[in-house]
Amino acid sequence: MILLLFYIYDGTKIVIYLTILNLIFIYLWGVSQYKIKIDKNKINIISSIMNDVDQINIYIVDLQMNYLALSKSGIKFMQHYFNATPKVGQNISTILSHENYLETRKNFLNAIYHGLTSQVDHFKEGELEFHTLNFYTPLYDKKQKPYALLIHTIDISDDIIQQQKSYKLIYTDPLTGLYNRRKLTEYFEEEVKKSEKEKEFAFLLLDLDDFKQVNDQLGHISGDKLIINFSSLLTKYFSETGIICRMGGDEFCLITDYTDTGNDVFLKKIEMLESEFFPNKISYGTVKISHPITEGFDHFYKEADSKMYQMKSNNKEVANNPKQKKHS
């Protein structure tokens with residue numbers, strides 16, 4: 001208005017230009033303030049709703065990953081697992097470890113660019129380990145540009161732990177902690193049969209000699225200790241080369257790369273295992289598995305079992321006739 005009065009009395013063009021620029025500035029400032037007000041109103045409305053939510057962990061963060069709003073349960077969740085109380089305006093990076101922050105940021109950007117996403121995340125903070133199911137939902141303005149992200153976090157630690165317990169019951173031997181026959185047969189179908197054609201495997205079956213006498217003479221507790229001791233030795237020498245299973249009783253099975261059984265390293269491992277297991281003795285049989293694999297698990301099991309009992313028979317003959325040379 002002042003500039004317009006100057007124009008009336010002065011009539012110069014410069015005043016006209018200044019007036020136009022002033023009007024443009026006022027318009028742009030008004031639009032920006034309106035947009036900010038609209039976004040603030042959206043956040044305020046959501047925040048008021050979130051304040052009434054006690055069972056759902058919800059967070060809203062801006063594009064710089066600063067908190068805009070938090071639900072009460074979300075704050076409690078962060079206090080419990082991260083020993084921190086997040087506040088509006090605080091950046092996520094100040095709470096999460098660097099590794100967890102980078103993973104969260106990756107999920108954040110994925111949601112911004114691709115829309116609603118979900119992700120199961122596994123966290124480890126010191127001695128505490130927990131698991132969450134997270135939903136990342138972008139919030140858009142009128143021009144369909146994202147200006148914030150809503151994160152909905154569900155604590156699924158109990159479910160994961162229960163799944164792990166169920167998996168352990170289904171696939172592991174309760175006495176030794178090794179895998180059981182069910183897991184071994186699945187491994188054969190999923191890993192061995194579907195492996196690269198050039199890859200070869202060895203099917204190794206092992207058995208403790210005269211184990212029945214240990215149970216009969218020393219009792220089943222001593223027998224169990226012997227089984228546990230042998231399983232520990234198998235894990236010590238072969239855990240990095242394949243899958244180790246207890247088939248039942250005193251019988252164990254190992255599936256590994258064939259190259260691991262066809263060299264001096266493998267034989268040396270067997271010798272060291274037998275040395276540590278002494279005076280107890282073992283028998284074993286090995287079968288090569290090559291592509292094309294047309295036979296099933298039971299076929300290779302029977303072949304290895306036959307060779308193992310041949311070795312067991314030889315061990316008995318040597319025990320009865322020490323002068324006789326042992327054959328494997």
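1. Asp216 is exposed, with a relative accessible area of 54%, and since the coordinates come from a predicted model, this value, like the others below, is a computed one. Its salt-bridge partner is Lys212, with the closest N and O atoms 2.8 Å apart, and Lys212 is likewise exposed, at a relative accessible area of 60%. Both Asp216 and Lys212 belong to helix H7 (residues 211-218), where they stand four residues apart, about one turn of the helix. An α-helix has 3.6 residues a turn, so residues three or four places apart point the same way.

2. Which residues of H7 are buried, and where do they pack? The buried residues are Phe211, Val214 and Asn215, and seen down the axis of H7 they fall within an arc of 95°, so they line one face of the helix. That buried set packs against strand E6 (201-208) and helix H8 (220-238), whereas Lys212, Asp216 and Gln217 are exposed on the other side of H7. Just after the helix, Gly219 adopts a positive phi of about 100°.

3. Glu103 counts as partly exposed, its relative accessibility being 32%.

4. The salt bridge between Asp173 and Arg246, with 3.2 Å between the closest N and O atoms, joins other kinds of elements: Asp173 lies in the loop between H5 and H6 and Arg246 in strand E7 (residues 242-248), so the pair ties together parts that are 73 residues apart in sequence. Asp173 is buried at a relative accessible area of 11%, and Arg246 is buried at 12%, both values falling under the 20% cut-off for burial.

5. For the model as a whole, the count comes to nine salt bridges. Asp207, Asp209 and Lys312 are linked in a network of such bridges. Side chains of opposite charge can pair when their charged atoms come close.

6. How do helices H5 and H6 cross? The axes of H5 (residues 157-171) and H6 (residues 181-192) come within 7 Å and cross at roughly 90°, and the two helices are therefore roughly perpendicular to each other. On the H5 side the contact is made by Tyr167, Ile170 and Tyr171, and on the H6 side by Arg182, Lys183 and Glu186. By class, this contact has three nonpolar, no polar and three charged residues.

7. The last point concerns Ile293, which is found in the loop between strand E9 (282-289) and helix H11 (297-320). Leaving aside neighbours within four places in sequence, Ile293 is in contact with Phe188, Val192, Lys193 and Phe300. Of these contacts, Lys193 is 100 residues away from Ile293 in sequence, yet the two are 6.3 Å apart in space, C-alpha to C-alpha.

Notes: Residues numbered from 1 in each chain as written. Predicted model: local features only at pLDDT ≥ 70, side-chain atom pairs only at ≥ 80, totals over all residues. Heavy atoms only, no water. Axes fitted to C-alpha atoms, helices over the stretch in contact; angles between N-to-C directions. Parallel < 35°, antiparallel > 145°, perpendicular 65-115°, else oblique. Contact = heavy atoms within 4.5 Å. Nonpolar A, V, L, I, M, F, W, Y, C, P; charged D, E, K, R; others polar. Salt bridge = Lys/Arg side-chain N within 4 Å of Asp/Glu carboxyl O. Buried < 20%, exposed > 50% of the residue type's maximum accessible area, 1.4 Å probe, protein only. Arc of directions from axis to C-beta.
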